[in-house]
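Please keep the structure open while going through the points.

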Amino acid sequence: MLYLTAIPLLLMGCSTNTLTGKSQLSLVSETELQTLSAGQYKEFIKAHAVITPSKDASALMVQRVGVKIAAAVEKYYSDKNNKSALSGFAWEYNLVLDSAINAWCMPGGKIVVYTGILPYAKNENALAIVIGHEVSHALLQHGNQRMSESMIQQLGGVALSTALSKKPAETQDLFMKAYGVGSEIGIMLPFSRKQELEADRFGLIWAAIAGYDPNEAIAFWGRMQQSSSGQKTPEFLSTHPSDETRIEKIKTYLPEAMSYKK
Ligand SMILES: [Zn+2]
């Protein structure tokens, strides 16, 4: 009997990612996560100093890159007859005044770039690499996998709606950690090496379709690695761990990305 009931439970706990075609752990539905994201994003924006694009060239650049990367993703999905996978996306792009070297994208396309990362991004091509990478984590549902793992470990694998109604503070905390949107270094969960490389690979493709130069990824990650030789590890590297083999891997992804360039 146990055998019979265990199978549907296991099946329920996995979903197929439309981008990779691979099955992955997903205890919470992407729709539920998008709803949660929309609320958390609104609160984050309210609590932070958002720089308005009409008054600032960098904020305008963040918006321009965001719009182009979103259009590139939509084109790719549409070319693959997969547009329904993006139906819950309501893209938003904001630059916030914060010295943290960080950027992220919540489910549903809710993007934040911190002013602290701009000196490392340095130019629009590199910003496209950053945003492309973050958007890939959201599309690849990496946060969903981490959220699902945490919910199994800490809340006993209950449904997201149950967790939110019974333990709202703990559930929101798990969400912030899973998506790297918390403010304390050390409590945010790092993405795995495999997830990082997967996000790198697709991020380069979005940058190429959007008309940016994917080769800039090499220079950007070089600058990020140099920054880690300082006293403080940037938030971005704490959630997106990097090592010397990453740039070598990125080089092998470049031909594929360049084939998408017009
Ligand atoms: Zn990453």
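The points below concern a predicted model and are grouped by topic.

**The sheet as a whole**
- Four strands make up an open sheet, arranged in the order β3-β4-β6-β5, with mixed pairing.
- The edge strands are β3 and β5 (103–106), each of which pairs on one side only.
- Helix α5 packs on this sheet and touches β5 and β6. The direction of α5 makes about 35° with that of β5.
- In general, strands of a sheet pair through backbone hydrogen bonds, and the pairing is either parallel or antiparallel.

**Strand β4 and its partners**
- Strand β4 covers residues 92–96, and four of its five residues are buried, so β4 is largely enclosed by the rest of the structure.
- Strand β3 (residues 50–51) runs antiparallel to β4, and two bridges join them.
- In this pairing, Val-50 stands opposite Val-96 of β4, and Ile-51 stands opposite Leu-95 of β4.
- β4 also pairs with strand β6 (residues 110–114), here in the parallel sense and over five bridges.
- Val-96 has Tyr-114 as its bridge partner in β6.

- Lys-122 lies in the loop between α4 (118–121) and α5 (124–139).
- The phi of Lys-122 is near 65°, a positive value in a residue other than glycine.
- Most residues other than glycine have a negative phi.

- Gln-141 is found in the loop between α5 and α6 (142–155).
- Gln-141 is not a glycine, and its phi is positive, near 60°.
- Gln-141 counts as buried because it has 24 C-beta neighbours inside 10 Å.

**Points to look up in the model**
- For the sheet, follow the order β3-β4-β6-β5, then find α5 where it touches β5 and β6.
- For the loops, look at Lys-122 between α4 and α5, and at Gln-141 between α5 and α6.

Terms used
Residues are numbered from 1 along each chain as its sequence is written. This is a predicted model: local features need pLDDT of at least 70, side-chain atom pairs count only at pLDDT 80 or more; totals for chains, interfaces and linings use all residues. A residue is buried if 20 or more other C-beta atoms lie within 10 Å of its own, exposed if 12 or fewer, and partly exposed in between; C-beta atoms are placed from the backbone. Two strands pair if DSSP finds at least two bridges between them. Two residues are in contact if their C-beta atoms, placed from the backbone, lie within 7 Å. Axes are lines fitted to C-alpha atoms, for helices over the stretch in contact, and angles run from 0 to 180 degrees between N-to-C directions.
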